[in-house]
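Below is a short note on the strand and helix arrangement. Please read it next to the model.

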Amino acid sequence: MQLSRHEIMERLRDILLIADDNRADFIERCTEDADLSAELGLSSVGMLYLVIAIEETFDIRFENVGIGDFATVRDVIDYIEAKLS
Amino acid sequence: MKWWPDEPAPGDIIRVRIGTVYHYGVYVGPEEIIQFGPPPTGSAHRVPASITVETATPEEFSCGAIIECGKPDRSEARRRRPPAETIAAARARLGEGGYDLLHNNCEHFAYECVFGEHFCAQADAVRRRWNSRPILNVYLAPIPDDAVGILLHSEERMKQLRRTGNEQLRKARTYDWAVLEYALARSFGCDAQHLRFRRNRFGKWSCGAYFFSLAHTGGAVAVAVSNGPVGIDLENEADFAARYAPRQAEMLHRIRTAEETDTDFLSLWLKKESFYKAGGTGSFRPAAINTAGKSALVFRCRTLPGLRAAVCGEKLSAARFYLYENGTARSIQSDILRSE
């Protein structure tokens, strides 16, 4: 699957919106700099949900990943982009 | 497996709740638990490469939380290893690394020691929840001038378009299908060129496990895709008013059933069309379609003013909205104005 960085961001937004519909306003406008924990309020199980949803959406497999490995949205997109290429 | 705050016995699988996740281990004795990495307390960033199978005291394992002891059900009790074997398996892996949050975590380790199986109930439950979630995505799109030249993957649709004489209609039908192909890829990860599309004798399109509905009005299309039956209709408010004014009250009376309480002709029309399109059989007879007690969402969109639409479907509670432009779509959930 070849996706532009922009498309990866939009699909990641889909996942974040499903994980927390109450923050639609913020998630629709957030940039790659958004902090997953502080600004998006992702808990530990939220991170688990995020990485599993990403695996299923992008058909990739996270390897050697720990809970604290992704601080920002940019970190996640970088990882996905690297995996897809 | 049931979990109780009981006193564990040697060889038992145990867990403790740390925030929103559980941390697992194997109970060896009153002063020893074997775990794959320390509990994820969040106080320090755990680098996977540094996480190893290690021993811990109950205090180190629990971080002050209550330790729960796993009570296997009948099937699990038959499969579990004897306690001495479980403890030997755990001890044999002390110092082992290779931690992975999703694929080789503390729960995997504990289950392997107790049952000889690589399993993580937490990750499994999340994955099942994700894959069985209801999906109903609505894509709204203004029709670009060059829409008629777009090449579609579906040969069935291309055949239909070649038979469409009206240029405006051909342009709208080309574009709504282009948006559909994107929507299926975005929503379900499937490639339209590998899908087989069929039309029933009433003109309703389908493609296997995916449900969709298409609508278009002057200058815009609406596409709804779902993992359940779905219908959508779209109208330009000004065009509709010009077409039916000043007969709207009369038309409302003609199409409204005894149970329906709608007072707006356009909204009721849109709802009935969406239900008709979700069903996909017979011809459209609005007076025969009763929407009372059924769920449909009538909405406008700040991003595309002047349009009104209705969508219905089994998965309506999961409805998400997108604006499609220039080959990609962005969420416009917060731009949707629900009419009812």
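How many bridges join strand β15 of chain B to strand β16 of chain B? The points below begin with that pair.

1. The count is four: β15(B) (residues 319-325) and β16(B) (residues 328-331) run antiparallel and are joined by four bridges. Helices (H or I, at least four residues) and strands (E, at least two) are DSSP runs, numbered from the N terminus, and two strands pair if DSSP finds at least two bridges between them.

2. On the basis of the model: it is predicted, local features need pLDDT of at least 70, side-chain atom pairs count only at pLDDT 80 or more, and totals for chains, interfaces and linings use all residues. Residues are numbered from 1 along each chain as its sequence is written, chains are lettered from A and ligands numbered from 1 in the order in which they are written, and side-chain values use heavy atoms, with hydrogens and water left out.

3. Two residues lie between the strands, and Asn326(B) takes a positive phi near 55°.

4. Contact means heavy atoms within 4.5 Å.

5. A further open sheet in chain B has four strands in the order β12-β14-β13-β17, paired antiparallel. Strands β12(B) (230-236) and β17(B) (336-338) stand at the edges with a single partner strand each, so one side of each has no neighbour in the sheet. Neighbouring strands are turned by 30° against each other on average, direction ignored.

6. Three bridges pair β13(B) (residues 296-301) with β17(B) in the antiparallel sense. Cys301(B) has Ile336(B) in β17(B) as its bridge partner.

7. Helix α8(B) (residues 237-244) lies across β12(B), β13(B) and β14(B) (307-313), running at about 75° to β12(B). Helix α10(B) (residues 265-279) lies across β12(B), β13(B) and β14(B), at about 145° to β12(B).

Key: Axes are lines fitted to C-alpha atoms, for helices over the stretch in contact, and angles run from 0 to 180 degrees between N-to-C directions.
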